[in-house]
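Here is a short briefing on one protein model with a ligand.

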Amino acid sequence: MIDLSTKYLGLTLKNPVIAASSGLTSTISNIKKLEANGAAAVVLKSIFEEEILQQEVMQTREAEANSMIYSELSETLDYIDLHIKEDTINKYLDLIRQAKKETLIPIIASINCTTDYEWIEFAQKIENAGADALELNIFLSPTDLSERNFEQAYLDIAGKVIGKTGIPVSVKISPYFTKLSRVIADLSKTGVRGLVLFNRFYSPDIDLDKMEIVSANHFSRENEYLNSLRWIALMSKKVTSDLVASTGIHSAETIVKQILVGASAVQVASVLYEKGVDYLSVLLADLEKWMEDKRYTHLGQLKGKLSQESVTDPAAYERRQFMKYFSGIE
Ligand SMILES: Cc1cc2nc3c(=O)[nH]c(=O)nc-3n(C[C@H](O)[C@H](O)[C@H](O)COP(=O)(O)O)c2cc1C
């Protein structure tokens with residue numbers, strides 16, 4: 001019997017495969033399907049700070065058009081603002097409550113945020129609704145030219161949320177920092193229990209026939225796991241937060257590689273969109289088979305075995321240039 005269990009955010013997971021935050025984790029029926037196919041935990045679709053604000057503006061405009069409110073009645077406006085926000089939030093809290101009631105796996109709520117106000121109060125509500133943990137998907141736009149200490153803003157958001165909630169908090173980040181190692185180490189010191197490396201973003205492309213901008217990369221490809229692999233290898237033994245691999249995990253072999261470099265777990269989204277939620281059970285069966293064939297009995301035997309500190313050539317993870325590789329190529 002192979003023991004696939006692992007610890008993440010202080011929670012015991014029956015295996016290392018978590019359903020990443022996506023449209024697949026936004027309804028109770030999907031969450032139950034993910035559990036039935038072996039998901040060790042589910043990160044709910046993020047509640048977006050942007051979305052709440054946009055919804056507020058749209059509904060306020062609609063109300064104005066319907067002459068429901070008058071500009072001089074600012075208290076009415078305040079009430080409507082509050083009401084709209086609460087509606088979005090309440091739906092999210094209901095999903096958490098329902099998921100906790102109808103499944104046995106850990107339910108991780110997710111907030112997509114860019115500032116450190118407003119939604120910090122949500123963190124408490126999310127905890128009260130029964131979520132086992134909270135993942136903060138923090139993304140400050142690198143194109144924002146206004147004066148701000150970019151990296152510090154991430155630390156401030158994480159620190160403030162941790163101070164407001166008793167449940168474990170993880171932070172999902174992009175790889176786009178000037179000094180990524182510093183950001184990972186500093187975030188870990190804030191008391192964040194987990195770091196999800198990395199988020200993946202929409203990329204615009206151009207359709208030359210239509211002369212239009214189109215979305216190029218809805219889903220990851222299977223070779224996109226390499227950046228997470230490198231950074232988890234580099235950082236897993238240097239930080240106290242659990243590291244979770246995200247992006248490009250499409251096979252059991254990739255899961256094994258991420259655990260070998262020190263990941264506590266992995267998160268999957270694209271592969272489930274492309275191959276169906278049922279594919280989770282295939283990934284888990286393949287993982288078990290791989291371990292059985294190699295005579296491993298529990299996942300802990302793999303964890304961190306090939307992190308930077310554990311390999312004979314630690315520089316291999318730092319190498320960036322292909323000099324040697326290309327030197328023999330005409
Ligand atoms: C359709 C779709 C919706 C997503 N929505 C969210 C979201 O709401 N919040 C979030 O943190 N990540 C979201 N993601 C990102 C995924 O959680 C994941 O980090 C990313 O897709 C990389 O993993 P993958 O290669 O397994 O897809 C979404 C991804 C997809 C494909």
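How far is an oxygen atom of the ligand from an N or O atom in the side chain of serine 246? The distance is 3.0 Å. The model is predicted, so every value here is computed from predicted coordinates.

**Ligand site**
- The ligand sits in the largest pocket.
- Around the ligand there are 21 residues. Ser21, Ser46, Asn137, Ser220 and Ser270 are the closest.
- By class, this shell holds twelve polar, six nonpolar and three charged residues.

**Polar contacts and cover**
- Asparagine 137 places a polar side-chain atom 2.7 Å from an oxygen atom of the ligand.
- Alanine 269 uses its backbone: an N or O atom there lies 2.9 Å from a ligand oxygen atom.
- On its own, the ligand has 610 Å² of accessible area, and the protein covers 87% of that.

**Aromatic pairs**
- Seven aromatic pairs turn up in a search of the whole structure.
- In one of them, the ring centres of phenylalanine 150 and phenylalanine 177 are 6.1 Å apart. Their planes meet at 55°, so the pair counts as tilted.

**Backbone exceptions**
- Most residues other than glycine have a negative phi, and most peptide bonds are trans.
- The peptide bond from leucine 197 to phenylalanine 198 is cis, with omega near 5°. Phenylalanine 198 lies in the loop that joins strand S9 (194-197) to strand S10 (204-207).
- Methionine 211 has a positive phi, near 50°. Its place is the loop between S10 and strand S11 (212-215).

Key. Residues numbered from 1 in each chain as written. Predicted model: local features only at pLDDT ≥ 70, side-chain atom pairs only at ≥ 80, totals over all residues. Heavy atoms only, no water. Near = heavy atom within 4 Å. Polar contact = N/O pair within 3.5 Å; in protein donor to acceptor, adjacent residues only side chain to side chain. Areas by Shrake-Rupley, 256 points an atom, 1.4 Å probe, with all protein chains shown as cover. 1 Å grid on protein atoms, 1.4 Å probe; cavity = no way out; pocket = protein on both sides within 12 Å on 5 of 7 lines; lining within 4 Å. Sits in = over half its atoms within 2 Å of the grid points. Nonpolar A, V, L, I, M, F, W, Y, C, P; charged D, E, K, R; others polar. Phe/Tyr/Trp six-rings, centres within 6.5 Å; stacked < 30°, edge-to-face > 60°. Helix = DSSP H or I, 4+ residues; strand = E, 2+ residues; numbered from the N terminus.
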